[in-house]
Amino acid sequence: MRPELKQWAAPGALLAATMCAVVFLWSTPFLWMLVASFRPDSFGGLGMASLFPDFVPTLKSYRYAIEDGDWPLWFLNSAILVTGTLAVQLVTISLAGYAFARISFPGKEALFYLFLLQLMLAPPVLIVPNLTTLVHLGLYDTLIGVMAPYWGSAFGTFLMRQTFRTIPKDFEEAAIIDGATWWQVLRHVLLPLSLPGLTAFSIVSVVYHWNEFLWPLMVINDPDKMVLTVGLVSFAQGAEGASDWGLIAAGTLFIMAPLFIAFTAFQRQFVNSFMSSGVK
Amino acid sequence: MDTPSATKTFRKIRLQPYLLLLPAFLCLTTFTYWPMLQVFLASLTNKKRVGDDGSFVGAENYLTIFTEADFLGALWNNAFYAAGTVIPSVLLGFLFALALRETTNLSAILRSALFFPTLVPLVGAAAIFIFVFMPDIGLLDYYLAKLGLSATNWLGNPDLALVSLMALTTWKNAGYYMLFFLAGLQGVPQDAEEAAKIEGANWLQRLYFVIVPMLGPTFAFVVVIALISAVSQVDHVIVMTEGGPNNATNLLLYYIYQQAHEFYDLGKATAATVVTLAALLTLSFLSLRTMERKVHYET
């Protein structure tokens, strides 16, 4: 594709070999997790660290994990959390991104800096006052309460602003001449052309909220509203779980499974959307 | 008084952009700007838990935490942790992107393998890394022993525990940052590199004089998100060490979490939050400024 760049791989084979070695090293914790989850003796012992399965694989750890945890419920709650967060985010960031990208208005710069400020203050840092706010709003111990602080995303707003700005204005002008309103332009011209940006943001948002732990841990008390990460810790720290590595590995793989499958299936689109969305 | 010109000026300011910003802004106000104010006000009181009124005590909480070994330790630990996670994970992310920038089948597989740690939930990774760092039987010691090195109690040794957490963070984040650099590298114009090559620049010179300056904005962005994550992620501390041994892994957010939810001292928790926010803003601002100065924008 870029033959001029071949010089980067000047000693091409050497670079490839080095990278393969580095990547193997990088993958060991993950590979170990896979091996450990199928190991019959999952409580430790000297050979436990071996990356090469020298045993008859068993599904015992998976069976215990399924029996010990309320996985369907946790999956459901995490799924509600992730989709509920993303759905609102997509609306707010598209609207705000559009205003910042295409309209000039008094105070735009100041508002932009105000948004920038939020980018640097991740919600977990404001955990104490945000819990107080949730109590006042009657959202404490609800999934809505876990979602709400993320509904206005400065990161997403920037990303959409960036993405909209890469689209030539001619497209919109043509639509406006045909009598389209601003929201028709947004809905039928800008958003379809911004799919890479929307996809990249959705991936970042879903991965973040699927794996988030501290904030849901603090907001939720009711076991019926527990999400996957909190569930994993509660059962991994249970009586026997604390040193049952097979069980912990199996549970962690459960949580990862949907992200893992989605990533493997859409790998190309994923990397492409990241690269062409102007995430920089 | 209602002159035509006044009406005209009023009409010129259209409401539409403000309405478009409103939903996002409402959320940011409720969960960022308003709490910042609240946290500052609460830090001046002796509130004990959520719902308490508390009375005004001025700077007392600040004086307390700044003379307290636990807080100063957490501040120092977090500074050390930030430096020790941001630098290696950003550099590795950059090197990975550089090595795998060409799209081949092999590089696609290697990229995925490097990216996978990003998908592992931090609490899961933390639980797994407890085993990685176990003395004797753990993954690290097991293979180090084969190289003839002796057993180390990674998480139990105050000098090594925080470094062990840094290793976990670097492992988890470098692949994520690699994606941003891969995106950035696509924006480096071919002819600039080509021109440098014709001028006789070797690969190291091209890297330093062409690629790195062009990637200024990417570096600035990635460093800032890495800094933010160094202050706002605490799952691994909760799962692996609970701040120990001997407070060696007590990070700012863990300190805040403990003060608020274990020791019920909101005054101290909020004062620590204000200090954390100030540090975070200063560092983000400084890194953006420094990096932007080195940027060479295309015109």
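User: Are B:E68 and B:K268 buried or exposed?

Analyst: In this predicted model, B:E68 is buried, and B:K268 is buried as well.

User: What does B:E68 form with B:K268?

Analyst: B:E68 and B:K268 form a salt bridge, and their closest N and O atoms are 2.6 Å apart. B:E68 lies in the loop between α3 (60-66) and α4 (69-99) of chain B, while B:K268 is in helix α14 (residues 266-293) of chain B, so the pair ties together parts that are 200 residues apart in sequence.

User: How many salt bridges are there over all chains?

Analyst: A search of the whole structure finds five. One of them joins A:E67 to A:R63, with 3.7 Å between the closest N and O atoms.

User: Where do A:E67 and A:R63 sit relative to each other?

Analyst: They are four residues apart in helix α2 (residues 60-68) of chain A, so about one helical turn separates them. An α-helix has 3.6 residues a turn, so residues three or four places apart point the same way.

User: And is A:E67 buried or exposed?

Analyst: A:E67 is exposed, because its relative accessible area is 54%. A:R63 counts as partly exposed, at 46% relative accessibility.

User: Which side chain meets that of A:D222 in a salt bridge?

Analyst: The side chain of A:K225 does, at 3.6 Å from N to O. A:D222 counts as partly exposed at 24% relative accessibility, and A:K225 is also partly exposed, at 26%.

User: Let us turn to helices. Where does α1(A) bend?

Analyst: The bend is at A:T28 and amounts to about 50 degrees; a proline, A:P29, follows within four residues. Helix α1 covers residues 12-37 of chain A, 26 residues in total, and reaches 37 Å from its first C-alpha to its last, close to the 38 Å expected at 1.5 Å a residue.

User: Which residues of α1(A) are buried?

Analyst: They include A:T28 and A:P29, together with A:W26, A:F30, A:W32 and A:M33, among others.

User: What does A:L253 contact, leaving aside its neighbours within four places in sequence?

Analyst: A:L253 is in contact with A:F30, A:M33, A:L34, A:S37 and A:Y62. A:L253 itself belongs to helix α13 (residues 245-265) of chain A, and it is buried, with a relative accessible area of 13%.

User: How far apart in space are A:L253 and A:A13?

Analyst: They are 34 Å apart, C-alpha to C-alpha, and 240 residues apart in sequence.

User: What about helix α4 of chain A: how many residues does it have?

Analyst: Helix α4 (residues 108-120) has 13 residues, and its reach of 19 Å from first C-alpha to last is close to the 18 Å expected. Its buried residues are A:L111, A:F112, A:F115, A:Q118 and A:M120.

User: Which residues does A:N211 touch, not counting residues up to four places away in sequence?

Analyst: A:N211 touches A:T229, A:I255 and A:L259 in chain A, and B:T118, B:L119, B:V120, B:P121 and B:D235 in chain B. A:N211 is placed in helix α10 (residues 195-211) of chain A. At 8% relative accessibility, A:N211 counts as buried.

User: Finally, which residues form a nonpolar patch on the surface?

Analyst: B:L15, B:L19, B:L22 and B:L26 form one, with about 420 Å² of accessible area together. B:L19 is found in helix α2 (residues 16-42) of chain B.

User: Why does B:L19 count as exposed?

Analyst: B:L19 is exposed because its relative accessible area is 53%, and the cut-off for exposed is over 50%.

How values were computed:
Residues are numbered from 1 along each chain as its sequence is written. Chains are lettered from A and ligands numbered from 1 in the order in which they are written. This is a predicted model: local features need pLDDT of at least 70, side-chain atom pairs count only at pLDDT 80 or more; totals for chains, interfaces and linings use all residues. Side-chain values use heavy atoms; hydrogens and water are left out. Helices (H or I, at least four residues) and strands (E, at least two) are DSSP runs, numbered from the N terminus. Buried means under 20% relative accessible area, exposed over 50%, partly exposed in between (1.4 Å probe, protein chains only). Contact means heavy atoms within 4.5 Å. Patches are made of residues with over 30% relative accessible area and no salt bridge: like charges are joined within 9 Å, nonpolar side chains (Val, Leu, Ile, Met, Phe, Trp, Tyr) within 5 Å. Accessible areas come from the Shrake-Rupley method with a 1.4 Å probe; for residues, only the protein chains shown count as cover. A salt bridge is a side-chain nitrogen of Lys or Arg within 4 Å of a carboxyl oxygen of Asp or Glu. The expected span of a helix is 1.5 Å times one less than its number of residues. The bend at a residue is the angle between axes fitted to the seven residues ending there and the seven starting there.
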